[in-house]
Amino acid sequence: MATTPPSLDAAIYADLRQAVGDEALPVLLGRFRAQLQGWSVTGERAALGAAAHGVIASSGLIGFTQLSRLCAALETACTSGDLDAVRELAAAVSDEKAFAEAEVSRLIAAG
């Protein structure tokens with residue numbers, strides 16, 4: 001049975017923190033939070049796929065690997081026109097996005 005990867009990969013996050021430093025990290029997290037808050041995970045297929053594409057790299061960089069994977073799958077489903085997969089993946093992305101928003105807020109507050 002496959003296991004679900006953690007929503008936030010602590011090792012990736014620690015590497016990012018070390019790479020950018022404690023002063024730049026809150027800025028990066030704030031930009032990511034704004035990106036997520038500005039996305040409703042709804043809309044026309046092409047726009048939804050484009051928005052998902054934009055989240056793939058930023059979420060992966062921070063360590064939200066599950067969100068990154070789901071966004072990649074959503075982008076592919078949008079491109080291929082698989083409407084059933086788009087609906088299913090959009091719901092999964094929305095759930096993972098909500099977790100990421102809350103976790104980013106917690107990380108910023110924790111400093």
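**Close-up views of an aromatic cluster and a buried serine**

Phe32, Phe64 and Phe99 form one aromatic cluster. Everything shown here comes from a predicted model, and two aromatic pairs are counted in it.

**View 1. Phe32 and Phe64 make a stacked pair.** The ring centres of Phe32 and Phe64 are 5.7 Å apart, and with planes at 20 degrees the pair counts as stacked, because the cut-off for stacking is under 30 degrees. Phe32 belongs to helix 1 (residues 10-37), while Phe64 sits in the loop between helix 2 (45-62) and helix 3, so this pair ties together parts that are 32 residues apart in sequence. Take a look at the burial too: Phe32 is buried at 2% relative accessibility, and Phe64 is buried at 0%.

**View 2. Phe64 and Phe99 meet edge-to-face.** Here the centres lie 6.4 Å apart and the planes stand at 75 degrees, so the pair is edge-to-face. Phe99 is in helix 4 (residues 83-110) and Phe64 in the loop between helix 2 and helix 3, so the pair ties together parts that are 35 residues apart in sequence. Phe99 itself is partly exposed, with a relative accessibility of 35%.

**View 3. Ser68 is a buried residue of helix 3.** Helix 3 covers residues 65-80, and Ser68 is found within it. Its relative accessible area is 12%, so Ser68 falls under the 20% cut-off for buried. Which residues does Ser68 contact, once its neighbours within four places in sequence are left aside? They are Ile56, Ser59 and Gly60.

Terms used: Residues numbered from 1 in each chain as written. Predicted model: local features only at pLDDT ≥ 70, side-chain atom pairs only at ≥ 80, totals over all residues. Heavy atoms only, no water. Helix = DSSP H or I, 4+ residues; strand = E, 2+ residues; numbered from the N terminus. Buried < 20%, exposed > 50% of the residue type's maximum accessible area, 1.4 Å probe, protein only. Contact = heavy atoms within 4.5 Å. Phe/Tyr/Trp six-rings, centres within 6.5 Å; stacked < 30°, edge-to-face > 60°.
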